[in-house]
Every structure is written in structure tokens, then in C-alpha cells.
Amino acid sequence: MNWTWFHKLGSPKWFYEISRRWLPGLAVAAALLLMVGLVWGLAFAPPDYQQGNSFRIIYIHVPAAFLAQSIYVMLAVAGTVGLVWKMKLADVALQQAAPIGAWMTVIALITGAVWGKPTWGTYWVWDARLTSMLILLFLYFGVIALGNAITNRDSAAKACAVLAIVGVVNIPIIKYSVEWWNTLHQPATFSVVTKPAMPFEMWMPLLIMVLGFYCFFGAVLLMRMRLEVLKREARSSWAKAEVSAQVEKGR
Amino acid sequence: MNPLRKKRLFIVLAIIAGVGIAVALALSALQQNINLFYTPTQIANGDAPQDTRIRAGGLVEEGSVKRSSDSLETDFVVTDGAKSVTIRYSGILPDLFREGQGIVAMGKLNAGGVLIADEVLAKHDENYMPPEVMQALEQSGMKQKHDAAQAAKKTYQLESAQ
């Protein structure tokens with residue numbers, strides 16, 4: 001297997017160049033997918049026979065919950081790369097992805113509460129799924145706070161990487177909580193490997209929304225990482241040249 | 001991979017394995033406290049504590065819902081296929097409450113083994129369906145089959161969750 005792309009990621013300049021090419025594609029894909037998915041899911045998908053229209057919150061809730069967990073796994077992978085290969089870019093990715101993940105967790109928790117009131121009869125219940133998701137939010141807060149609390153960049157990177165790696169144990173707990181324990185939360189409706197428990201015209205917009213959320217995350221993460229790389233490499237000649245070129249263009 | 005990196009990767013994997021084992025042991029020790037509700041079988045076996053507020057969960061038995069004519073009091077039976085428990089609740093039931101629906105009720109067991117509930121929550125399953133499909137199922141007489149299959153599946157889930 002060819003690993004040169006991986007080793008090239010060690011160079012912030014190379015990342016800055018290559019991400020410039022990925023960004024427009026991702027942004028356009030995210031906008032298209034989210035637009036199609038939202039209109040299809042919120043306006044055209046049929047209502048559920050029991051819940052009526054309130055089930056439509058699934059089109060926000062499920063993609064947000066997917067991302068919240070995927071982003072945390074990404075933090076742990078970035079943390080491992082940062083600790084093992086001492087790659088500077090891994091810390092940039094970890095620090096910049098954490099706030100997005102925290103927001104996705106907040107969205108998943110709030111949409112779930114809004115849906116829970118009419119369906120279950122309560123906004124919140126301390127069952128295993130909801131509680132483990134709340135712990136995920138606190139883990140994100142921990143990573144963000146730790147990254148900001150330590151002034152020395154290398155120490156902060158190490159501390160955040162260790163926290164991200166330790167916290168990843170929570171991810172399988174979230175995923176299997178509905179199977180291991182009695183919970184109020186229902187098991188997964190939407191899965192990549194098995195046949196979904198809903199008909200095509202409900203399931204397709206959900207798939208589009210999930211893909212749209214992932215593209216959106218990719219685009220936002222690249223934008224944030226590019227800015228952070230420029231900030232951290234501010235003393236290097238290529239970053240100085242890039243900033244002055246941007247300033248020229250803005251005039 | 002050079003030896004230093006290999007060693008560091010090994011340390012990272014060891015941390016994950018160690019934390020994973022510790023959390024798994026802690027969670028299995030706390031198993032009973034993490035379960036949101038007791039199933040009727042657990043209550044019948046005496047696993048549920050007396051004289052304290054507990055949650056009971058299961059499927060509302062077909063034909064068991066008795067509403068009082070002059071108050072909001074409702075009696076119904078919740079089952080997991082093997083055992084059942086009677087629940088008495090006075091208040092407004094959630095919209096999704098119906099016979100065959102999974103519910104979770106919170107309250108105290110009285111001397112007669114009836115759960116006097118002060119909160120009833122509806123448990124939604126993972127299946128979604130447009131109303132037309134449901135109507136078509138009802139018309140073709142498939143609904144009974146569908147419901148029976150769903151109930152069997154839910155009972156299985158309840159049993160395997162124990």
C-alpha cells in the first residue's frame with residue numbers, strides 16, 4: 001500500500017495547497033445534498049402512521065447523532081496519529097473538529113428532546129442512550145477546555161490526544177446501549193449494513209441528509225483547519241506570502 | 001514502522017484496552033442500575049425492590065385497558081410474553097398509548113402486586129411507515145399478521161435485554 005499521501009500530511013504547506021482543491025467540491029456537495037434532503041424529507045416524505053409529522057425531526061436528529069459519534073472517533077484517530085507519528089496537522093484537526101462535534105451532539109440532544117415530548121411524553125429520561133450521549137457532550141467540552149487551558153501547544157496537543165483516546169470507549173457504549181440495556185430510546189432505525197426499518201421514500205431523504213451532513217462537516221473542518229494552519233505557520237515564508245496575497249485580493 | 005513509533009502505538013492501544021476493560025467491568029457490575037425499567041418477569045421473580053419507586057416496561061396487552069367512567073383512572077396489563085403486571089394510572093396518557101404499544105410506567109408496587117403509576121411514557125419502536133401502507137395492511141388483513149410479528153419481535157427484544 002502506498003503511504004506517501006499520509007507522510008505528506010506532515011507538511012502544513014502541502015495540506016494547505018491540497019485542501020484548496022477539495023474545498024469547493026465538498027462545499028457544493030454539502031449544499032446540494034442538504035437542500036435536496038431537507039426539502040424531500042420535510043415536505044415530500046410521507047408522514048408516519050403513528051407519529052404523524054413529528055417523525056420528520058429524524059432528518060436532523062439522526063444525521064447529527066451519526067456525526068457526533070463519527071467526529072469523536074476522528075478525534076481519537078487524530079490523537080493517535082499525533083501521539084505516535086508526532087504529526088503537527090493531527091493536533092490542528094483534533095482541535096478544529098472538537099467544537100463541530102460538540103455542536104452536533106447539542107443538536108442531537110435538543111432535537112431528541114423536542115421529539116420526545118410528544119412521542120414518549122417527556123423531554124428527558126435518564127436511560128442509557130441519552131445519558132451516554134450527554135457524557136459524549138461533556139467529553140467534547142473537556143477536549144475543548146483542555147486545548148484552551150494549556151498555553152504550550154505541544155503539551156496541550158498531548159493532553160487532548162490522551163483525553164480523546166480514553167473517551168473513545170464511550171462510543172461503543174452509545175451505539176450498543178439500546179441493545180445491552182432496557183432503554184426508552186428505540187434501537188437504530190437506520191443502519192449502513194442492514195435493511196432499514198422504513199420504506200424507501202422515508203429512508204432515501206435520510207440517507208441524503210446523512211451524506212450532506214458529512215460533506216458539510218468536511219467542508220467546515222477544512223476551512224477551520226486552513227485558517228488554523230495559517231495562524232500556526234505565521235512565521236514561515238509561504239504563510240506570509242499567502243496572507244499578503246489574500247489581503248491583496250480583498251482590496 | 002520504526003521501533004519508537006511502534007512502541008508508542010503499542011502504548012496507545014494498551015491504554016484503550018485497559019480503559020475498555022475497566023469500563024466494561026464497571027458497567028457489568030452496574031447492569032441492574034443502568035436498565036431503565038424492570039420487565040414483568042423480573043417483577044414476578046421478585047427482582048424489583050418493594051416499597052420504592054420503580055419503572056416497569058413492556059407491551060400493553062390487547063383488550064386489557066379498562067378506563068374508569070367517572071375519572072381519568074385507567075387500568076391496564078403490561079406483558080413481556082411470559083409474565084404480566086397490572087398497572088393503575090390516573091392522568092393523561094401519551095398520544096402513542098394503545099394496546100400492543102410498548103410503554104414504561106413509573107410508580108410503586110402495592111401489596112396486591114399492582115403498580116400504582118404516577119408517570120406513563122410511550123416507547124416508540126424503530127419502525128416507521130406511511131399511513132397508506134398501514135391502511136393497505138389493515139384492508140388486506142395483513143395487519144394482524146404484522147402486529148403479531150412485531151409483538152413477537154418486541155417480546156424477543158425484551159427477553160434478550162435481560
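## Contact between chain A and chain B

In this predicted model, the contact draws on 43 residues of chain A and 40 residues of chain B, contact meaning heavy atoms within 4.5 Å. About 3700 Å² is buried between chain A and chain B, 64% of it on carbon and sulfur atoms; buried area is the accessible area (1.4 Å probe) that two parts lose on being put together, summed over both. Tyr49(A), Trp181(A) and Asn182(A) account for 21% of the area that chain A buries against chain B, more than any other three residues.

## Nonpolar core

The largest nonpolar core has 72 residues, of which Tyr72(A) and Leu75(A) touch the most other members. Such a core is a set of buried Ala, Val, Leu, Ile, Met, Phe, Trp, Tyr and Cys residues joined through side-chain atoms within 4.5 Å, where buried means under 20% relative accessible area (1.4 Å probe, protein chains only). Residues touched by Tyr72(A), not counting those up to four places away in sequence, include Leu136(A), Tyr140(A), Leu163(A) and Ile171(A).

A second, separate core of 19 residues includes Ala48(B), Ala56(B), Ala117(B) and Val120(B).

## Basis

Residues are numbered from 1 along each chain as its sequence is written, and chains are lettered from A and ligands numbered from 1 in the order in which they are written. Local features need pLDDT of at least 70, side-chain atom pairs count only at pLDDT 80 or more, and totals for chains, interfaces and linings use all residues, while side-chain values use heavy atoms, with hydrogens and water left out.

Conventions. Buried < 20%, exposed > 50% of the residue type's maximum accessible area, 1.4 Å probe, protein only.
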